[in-house]
Amino acid sequence: MGYVSFPASRKTDFTAIGRLCIDLNANEINRPMEETMTFTKYVGGSPANIAIGMSRLGMETAFIGKIANDQMGRFIYSYLERNGIDTSNVVTDDTGAVTGLAFTEIKSPTDCSILMYRDHVADLLLQAREVQEQLIEDSKVLLISGTALAQSPSREAVFQALTYAKKHGTVIVFDLDYRPYTWTSAEETAVYYNLAAEKCDIILGTREEFDMMETFDHNTQRSDQVTSQKWFDYSAKIVVIKHGKEGSIAYTREGLSHRADSYPARVVKTFGAGDSYAAGFLYGLMQNWTIERSMAYGSAAASIVISSHSCSDAMPTVEQVNDYIERCNRGEIIVS
Ligand SMILES: Nc1ncnc2c1ncn2[C@@H]1O[C@H](COP(=O)(O)OP(=O)(O)OP(=O)(O)O)[C@@H](O)[C@H]1O
Ligand SMILES: O=C(O)C[C@@H](O)[C@H](O)C(=O)CO
């Protein structure tokens with residue numbers, strides 16, 4: 001217990017920086033995008049989903065980001081407000097940029113993909129001087145997500161936020177959130193991901209995401225153990241490597257590892273698993289729970305979200321996660 005100490009007595013529990021977008025999730029599921037005619041609109045973007053998840057779990061939550069000056073931007077803003085998220089550092093673009101769109105294709109519960117429209121998006125235009133130091137100073141946790149590092153000026157905004165977090169002892173969480181279409185080269189991606197990861201206390205990613213970061217590590221044998229060890233030589237205290245339905249492993253700086261199985265789920269679509277896992281896991285750590293209990297909580301939250309149509313809207317409350325865990329323990333969630 002207590003692998004990470006969160007600063008006490010701060011106004012805000014959790015602040016995320018990065019993209020605020022729109023998910024358009026296929027209504028006609030179990031078919032390819034070519035045959036999908038209608039979609040439901042939700043707020044999306046991985047860090048937005050995690051922030052909404054934290055707020056649903058009762059944490060005081062804030063967001064640092066940039067939205068388009070259009071109907072989509074206003075939809076996102078009002079959704080955050082309705083969910084009790086502090087929007088004082090959500091800036092509106094004044095250059096005519098647009099809102100990023102993610103069209104989700106649900107061919108089957110295990111075969112899902114995302115078609116992204118991300119040209120000239122507002123979220124990547126956040127500038128370093130627009131990041132409020134006071135908000136980060138007042139937060140226990142700052143979460144960054146890798147996609148915001150893909151382009152300037154958003155890249156500098158994230159590094160400036162990291163500088164403020166370091167200065168004020170705010171715990172830094174890095175959700176790798178690697179989306180290849182946002183980047184231009186493998187070298188650029190690996191270099192910036194590594195530079196950011198060096199500064200982070202908790203790193204969450206899939207095996208594939210860590211592989212991308214190890215593009216230049218030719219001499220090392222690739223394993224979860226070797227991967228996590230590298231980050232303990234920098235700032236990391238916990239590294240979590242996620243393996244989809246196979247569960248997740250958390251490594252700690254003290255040399256321990258903890259494995260969590262996934263919870264049963266009647267899967268509608270798999271995206272949103274990582275974001276809900278992050279919210280549940282971080283919530284647990286912030287309650288000073290053990291890593292095992294926090295991982296189980298994240299896994300249960302993930303099962304709830306992948307059993308639902310949306311990501312953000314389906315983020316569960318404490319009561320919903322507790323109820324799900326109890327139902328699983330009673331054997332009531334049967335997966336065929
Ligand atoms: N098919 C599944 N059934 C049950 N739980 C799952 C399934 N897929 C993922 N999970 C849960 O979600 C957690 C995170 O999933 P995953 O490793 O797929 O992350 P991710 O790739 O970041 O997710 P995303 O698809 O949102 O990008 C897993 O550790 C597991 O607990
Ligand atoms: O992260 C995105 O931009 C899209 C998400 O909102 C999407 O729902 C998803 O992929 C969640 O993992």
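This is a predicted model: local features need pLDDT of at least 70, side-chain atom pairs count only at pLDDT 80 or more; totals for chains, interfaces and linings use all residues.

Me: Okay, how many helices and strands does the protein have?

Reply: There are 10 helices and 13 strands. The radius of gyration is 19 Å, close to the 20 Å that the globule rule gives for 336 residues, so the protein is as compact as a globular protein of that length.

Me: And what box do the C-alpha atoms fill?

Reply: Roughly 55 × 50 × 45 Å, taken along the principal axes. Of the 336 residues, 58% count as buried.

Me: Let's go to ligand 1. Which residues are closest to it?

Reply: Lys242, Gly244, Gly272, Ala273 and Gly274 are the closest, out of 20 residues that surround ligand 1.

Me: What do Lys242 and the glycines do there in terms of polar atoms?

Reply: Lys242 has a polar side-chain atom 2.8 Å from an oxygen atom of ligand 1. With Gly272 it's a polar backbone atom, 3.0 Å from an oxygen atom of the ligand, and a polar backbone atom of Gly274 is also 3.0 Å from an oxygen atom of ligand 1.

Me: How much of ligand 1 does the protein bury?

Reply: Ligand 1 exposes 630 Å² when taken alone, and the protein buries 83% of that. Helix H8 (273-286) and helix H9 (291-306) are the elements that each give two or more residues to the shell. H9 gives the largest share, four residues.

Me: What classes of residue make up that shell around ligand 1?

Reply: Seven are nonpolar, 11 polar and two charged.

Me: Now ligand 2. How many residues surround it?

Reply: 13, with Arg19, Asp23, Gly45, Ser46 and Ile114 as the closest. By class, the shell around ligand 2 has four nonpolar, five polar and four charged residues.

Me: Where do the side chains of Arg19, Arg179 and Asp275 come in?

Reply: A polar side-chain atom of Arg19 is 2.5 Å from an oxygen atom of ligand 2. For Arg179, an N or O atom of the side chain is 3.1 Å from a ligand 2 oxygen, and for Asp275 that distance is 3.4 Å. Alone, ligand 2 exposes 320 Å², of which the protein buries 95%.

Me: Which elements give two or more residues to the shell of ligand 2?

Reply: Helix H1 (46-56) and strand E7 (111-117).

Me: What does E7 pair with?

Reply: Strand E6 (residues 101-108) is joined to E7 by seven bridges, and the two run antiparallel. They form a hairpin with two residues between them, and Ser108 stands opposite Asp111 in E7.

Notes:
Residues are numbered from 1 along each chain as its sequence is written. Chains are lettered from A and ligands numbered from 1 in the order in which they are written. Side-chain values use heavy atoms; hydrogens and water are left out. A residue is near a molecule or strand if one of its heavy atoms lies within 4 Å of it. A polar contact is a pair of N or O atoms within 3.5 Å; within protein, one must be able to donate a hydrogen and the other to accept it, and residues adjacent in sequence count only if both atoms are side-chain atoms. Accessible areas come from the Shrake-Rupley method with a 1.4 Å probe; for residues, only the protein chains shown count as cover. Ala, Val, Leu, Ile, Met, Phe, Trp, Tyr, Cys and Pro count as nonpolar, Asp, Glu, Lys and Arg as charged, and the others, Gly among them, as polar. Two strands pair if DSSP finds at least two bridges between them. The radius of gyration is taken over C-alpha atoms; the globule rule is 2.2 Å times the number of residues to the power 0.38. Buried means under 20% relative accessible area, exposed over 50%, partly exposed in between (1.4 Å probe, protein chains only).
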